[in-house]
Amino acid sequence: MNITFESQPNCRAVYRIEIPAADVQREREDVTANYARQARLPGFRPGKAPKAVVAKKYEGQIREELETALVRKGYQEATKRGDADILSVLNVRDQALHGDDHYTFTIEVSTVPRFELPEYKGIPVKLPKVEVTDADVDHDLLHLRERYQTFTDVERESKLGDYAVLQVTGSVDGKPVEEAHPDAPAYLKKIDGNWFQLSEKENFLPGFYAGLVGAKKGDTRDIAVTLPEDFPYEALRNQVVTFHTTVDAVKEGVLPELDEEFAKKLNPEWTWSACALK
């Protein structure tokens, strides 16, 4: 097998490979024999059809499989040479089976960049000074407690910060969204048991949370929402969608106390003495 290597800019390289006719013929024999073992041709018992008949019947498939096997074989031999550290094959081109049965092709590959590492020891590094304030600590502790909060059902009216568990169906001009706009987002059609935290930040639909403030478990409310002009579903932009809402439950988040029990939940090995040492 004749292999030439050419390094190119931008971490590329090219292998030009020529496989001798004897190797091509041997590979063709193997591929044809494999087809012959599996061939089911009229007039012959399974696997007993003559190779010449099989070769003619499956000429195109055998040619394709032969070329794949030759490229694989050539690439394997090329990688053994150690000309470059190959990352991936970018392209296989110029494939040709010549009249005397030798086979040639070109493989373009991406390679690991090679460079000389400069002296890096002793280079001064200036790090920015970081000051952690009490406000930073309080902020992170609050978010940590929120991750471990529990929820309890309340019978009172809901308020901002509570969670409402809802059953919702949407309608437009008196028709269910599911019928009038079957391609609309699912949350405009029906919501089944989802939790919503009632917040001043309207991060769901404008006015939806405000319409739930003051609701109790078992209450039903119709909340009319005008969808914005940049709403993703174009057919309902600037349209009024009425949400028929039933409140299954109102829940209040309860943050854990900042005590030893909470600390041990985060780290079972935590102790006051270990904390003091730090």
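Start by selecting F5 and Y15: F5 stands opposite Y15, which belongs to strand β2. Bear in mind as you look that this is a predicted model.

**Stop one: the hairpin and its other partner**

Now widen the selection to residues 2-8, which make up strand β1, and residues 12-19, which make up β2. The two strands run antiparallel and are joined by seven bridges. Together β1 and β2 form a hairpin, with three residues between them. Click on N10 in that turn: its phi is positive, about 60°.

**Stop two: the cores**

Next, select L166, L188, L205, F208, L227 and F243. These are the residues with the most contacts inside the largest nonpolar core, which has 26 residues. Which strands each supply at least two residues of this core? Color β6 (163-172), β8 (190-197), β9 (220-226) and β10 (240-254), and you have them.

Zoom in on F243 and show what surrounds it. Leaving out residues up to four places away in sequence, F243 touches V168, T169, G170, Y187, L188, L205, F208, R221, D222, I223 and V225. Apart from this core lies another one, of 14 residues; A13, I19, L70 and V71 are among them. As a general point, nonpolar side chains tend to be buried together in soluble globular proteins.

Y120 sits in the loop between β4 and α4 (134-147).

**Stop four: salt bridges**

There are 13 salt bridges to find in the model. Begin with R26 and D23, whose closest N and O atoms are 2.4 Å apart. Both are in helix α1 (residues 21-38), three residues apart, or about one turn of the helix.

Now jump to K80 and E77, whose side chains meet in a salt bridge at 3.3 Å, N to O. Because they are three residues apart in helix α3 (residues 59-80), about one helical turn separates them. K80 is exposed, with a relative accessible area of 63%, and E77 is partly exposed, at 33%.

The next pair reaches further along the chain. Select R156 and E252, which form a salt bridge with their closest N and O atoms 3.6 Å apart. R156 is in the loop between β5 (150-153) and β6, while E252 is in strand β10, so the pair ties together parts that are 96 residues apart in sequence. Both count as partly exposed: R156 has a relative accessible area of 29%, and E252 has 28%.

Before moving on, select R12, R93, D94 and E108 together. They are linked in a network of salt bridges.

**Last stop: the loop between α5 and α6**

Go to H181, in the loop between α5 (177-180) and α6 (186-189). H181 counts as buried, because its relative accessibility is 18% and the cut-off for buried is under 20%. Show its contacts: setting aside neighbours within four places in sequence, H181 meets K189, Y233, A235 and L236.

D183 also lies in the loop between α5 and α6. Is D183 buried or exposed? It is exposed, with a relative accessible area of 66%. What does D183 contact, leaving aside neighbours within four places in sequence? Select K189 and Y233 to see both partners. To finish, draw a distance line from D183 to Y233, C-alpha to C-alpha: they are 50 residues apart in sequence and 8.6 Å apart in space.

Conventions:
Residues are numbered from 1 along each chain as its sequence is written. This is a predicted model: local features need pLDDT of at least 70, side-chain atom pairs count only at pLDDT 80 or more; totals for chains, interfaces and linings use all residues. Side-chain values use heavy atoms; hydrogens and water are left out. Two strands pair if DSSP finds at least two bridges between them. Helices (H or I, at least four residues) and strands (E, at least two) are DSSP runs, numbered from the N terminus. A nonpolar core is a set of buried Ala, Val, Leu, Ile, Met, Phe, Trp, Tyr and Cys residues joined through side-chain atoms within 4.5 Å. Buried means under 20% relative accessible area, exposed over 50%, partly exposed in between (1.4 Å probe, protein chains only). Contact means heavy atoms within 4.5 Å. A salt bridge is a side-chain nitrogen of Lys or Arg within 4 Å of a carboxyl oxygen of Asp or Glu.
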